[in-house]
Amino acid sequence: MPMPFSSIRHQLFIDGRFVDAESGETLATLNPHDNTPIAHVALAGKADVDKAVAAAKRAFPAWRRMAAADRGRILLKLADLIEANGEELARLESLDTGHPIRDSRRLDVPRTAACFRYFGGMADKFQGETIPVEEGFLNYTLREPVGIVGQVVPWNFPLMFTSWKMAPALAAGNCIVMKPAEITPLSSLRIAELMAEAGLPPGVVNMLPGLGSVAGQYIAEHPEIAKIAFTGSTATGRRIVQASAGNLKKVQLELGGKGPNIVFEDANLQAAVNGSAWAIFHNQGQACIAGSRLMLHEKIADAFLEQFIPLARSIRLGNPLDEQTEMGPLTSAQHRDRVLSYVEVAQAQGGEVLAGGGSPGGDLAQGCYVQPTVVHARSYQDRVAQEEVFGPFVTVLTFKSDEEAMQIANGTDYGLGSGLWTRDLQRAHKVARDLHAGMVWINSYKRVNPGSPFGGVGQSGYGREMGFDAMREYTQVKSVWVNVDAQIPPHFVR
Ligand code: NAD
């Protein structure tokens, strides 16, 4: 099969080298545009995870002792290499995931570089404290790396999530065994290769594409892995918590969401329409923070939908490698079918399809495409207003008052991203305060930055990526007591 890229890596990356899986097994990764195979990628099993853990253990003592600034320098170099190889990484990501190339170029690649750069700079600035304790004693804290960290990421933003997970862990001095999603391993493998080029010592990062139920599960169980950081579905998150109990791993979970995006009657309507389309249709709606519940004040609902529905219908679907494409395919056929099944779920509960609801035909019939879909639900308790669809599928709900808006917005088990559109300053801050969510965007949606904490509450998980919070997640505190000139207490003195 001809490879469209000379740089495609399809082996496991263990101890600084690309190697086949011990079992020799591979899995084809498919181009979601037409479901043709791109490459057959090695599939890690338990023996490979053991090898990776052993390599990480060997690398850990020197890596944690390396001057923090030197660890940072490697991450800064990596950020430069990502930019230098940006076009190739963007194409690889679009080919494997279906991200429109314009998004991969303008968002995924720059954000990946920015994340490594931010934490490269952070490495020697994250520090312990001295604590004023009783007379005669000095007490200080050390922020130490956790050890060998397991990281499991999903398929929706493989390149970016590789950086979100690895950058703070490495800056803090941990070694990593990472498992990308089995259907989108290509950009993560290329990043591993660039890491070696940036000077990362062998064994510090090991990249193991493999099945969640095999390699992922074993990473979560592994007795020598001290922490697991996971991004994915809430159901898998629950399994990870159970698997981690054996050695009481530290656990960090970034799970699903059902983001409320609330448009009040005093909003700038044009900005809200455009922002709401971005909130749901960017990356084909495959985002945990997607604004998938579009909540409209009943006074402006009709006017809003008069603009929003034609906008949704006008979005250009197409081959992700085409610069004109605004929405690509979903990342797998299985996922496309799952998303489309929610059209029937909506209709069964009296919901009305206002736009889309199917797959496009013609040139795109072989791919995993779904039309931008807008559904009006009768109640916020309907399944399409409660369950994460994870596609270009937005559920419209209306409300009459701020109180009702809050009841609907906080009326799911999730609590991840959320947004609101209003010109009223007091209302904006009040709603931001009362939303049960890890992130709130006011008159905007879906902003992320390496310095700003990212994560959820409730069934959306716990722990935070990005910023100082991420460094806390990847370190543990040691308290050191020094007797400077204190009297020995008079107990048991002979
Ligand atoms: P998923 O849970 O099926 O898979 C995620 C990853 O977990 C994959 O690498 C998979 O191989 C692995 N996995 C599967 N079973 C496992 C097991 N038993 N043990 C260990 N690992 C296992 O999720 P998905 O469908 O790939 O991704 C979509 C989900 O991810 C959505 O629910 C979405 O909301 C969520 N997500 C959350 C965030 C966030 O930051 N909160 C970001 C992106 C996506």
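Student: Which residues are linked with Arg9 in a network of salt bridges?

Tutor: Glu88, Arg190 and Glu193 are linked with Arg9 in that network. A salt bridge here is a side-chain nitrogen of Lys or Arg within 4 Å of a carboxyl oxygen of Asp or Glu. One caveat: this is a predicted model, where local features need pLDDT of at least 70, side-chain atom pairs count only at pLDDT 80 or more, and totals for chains, interfaces and linings use all residues. Residues are numbered from 1 along each chain as its sequence is written, and side-chain values use heavy atoms, with hydrogens and water left out.

Student: How many salt bridges does the rule give?

Tutor: The count is 25. In one of them, Glu88 meets Arg190 at 2.7 Å, N to O. That pair joins helix H3 (residues 86-97) to helix H6 (residues 186-198), 102 residues apart. Helices are DSSP runs of H or I, at least four residues, numbered from the N terminus.

Student: Is Arg190 buried or exposed?

Tutor: Buried, because its relative accessible area is 8%. Buried means under 20%, exposed over 50%, partly exposed in between (1.4 Å probe, protein chains only).

Student: New topic. Where is Thr234?

Tutor: Thr234 belongs to helix H8 (residues 234-244). Its relative accessibility is 11%, so Thr234 counts as buried.

Student: What does Thr234 contact beyond its neighbours within four places in sequence?

Tutor: Leu255, Gly256, Tyr414 and Gln459. Contact means heavy atoms within 4.5 Å.

Definitions and conventions: Helix = DSSP H or I, 4+ residues; strand = E, 2+ residues; numbered from the N terminus.
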